[in-house]
Amino acid sequence: MMFAIEGLDHVVLRVAHMPRALRFYRDVLGCHEERRVASIGLIQLRAGASLIDLLPADGAPDAEAGNMDHFALRIEPFDETALRAHLSAHGVEAGEVARRYGAQGMGPSMYISDPDGNTVELKGPPLA
């Protein structure tokens, strides 16, 4: 295998009522707020070595789409050329690589879809 999964980096949930979701993840489960991205309404909560990201669902979550936006797997190494070749050989289309925030900080990532249409983010190591 040309890369290894280091662990779950983060999960992004679409929530219908942000204050209620915050109370649950913060007060009941003990996560603490790490970061907000006001432009999209995102709140990132630290859950051990990973993050739980809460994103407004703009009403009730879509029953067909569910309430999970995507999950991210931390991989090592993140070699874009080799990764694209590997995914292509398996019939998986890879999205563009961009610098995105994850549980360990800003680093490269790309989005792919699993056979059921779930979005999976492949997240590389943080950039210095």
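Me: Why is strand β4 largely enclosed by the rest of the structure?
Reply: In this predicted model, 6 of the 7 residues of β4 (residues 50–56) are buried, so the strand is largely enclosed by the rest of the structure. Buried means under 20% relative accessible area, exposed over 50%, and partly exposed in between, with a 1.4 Å probe and protein chains only. Helices (H or I, at least four residues) and strands (E, at least two) are DSSP runs, numbered from the N terminus.

Me: Which strand runs parallel to β4, and how many bridges join them?
Reply: Strand β1 (residues 4–15) runs parallel to β4, and 6 bridges join the two. Arg14 stands opposite Leu55 in β4. Two strands pair if DSSP finds at least two bridges between them.

Me: And which one is antiparallel to β4?
Reply: That is β3 (residues 42–47), joined to β4 by 5 bridges. Ala47 stands opposite Ser50 in β4. β3 and β4 form a hairpin with 2 residues between them, and Gly48 in the turn has a positive phi of about 65°.

Me: Changing topic: which residues of helix α2 are buried?
Reply: Leu83, His86 and Leu87 are buried in α2 (residues 80–89). They cover an arc of only 95° around the axis, which puts them on the same side of α2. The arc is that of the directions from the helix axis to the C-beta atoms. An α-helix has 3.6 residues a turn, so residues three or four places apart point the same way.

Me: What do they pack against?
Reply: The buried residues of α2 pack against β5 (68–76), β7 (105–113) and β8 (119–123); contact means heavy atoms within 4.5 Å. The face turned away from the buried side of α2 carries the exposed residues Thr81, Ser88 and Ala89.

Me: What caps the N-terminal end of α2?
Reply: Asp79 does, with a side-chain oxygen 3.2 Å from the backbone nitrogen of Thr81. After α2 comes Gly91, whose phi is positive, near 75°.

Me: How many helices and strands does the chain have?
Reply: The chain has 2 helices and 8 strands, in the order β-α-β-β-β-β-α-β-β-β along the sequence. Of its 128 residues, 38% count as buried.

Me: What conventions apply to numbering and atoms?
Reply: Residues are numbered from 1 along each chain as its sequence is written, and side-chain values use heavy atoms, leaving out hydrogens and water. As the model is predicted, local features need pLDDT of at least 70 and side-chain atom pairs count only at pLDDT 80 or more, while totals for chains, interfaces and linings use all residues.

Conventions
A polar contact is a pair of N or O atoms within 3.5 Å; within protein, one must be able to donate a hydrogen and the other to accept it, and residues adjacent in sequence count only if both atoms are side-chain atoms.
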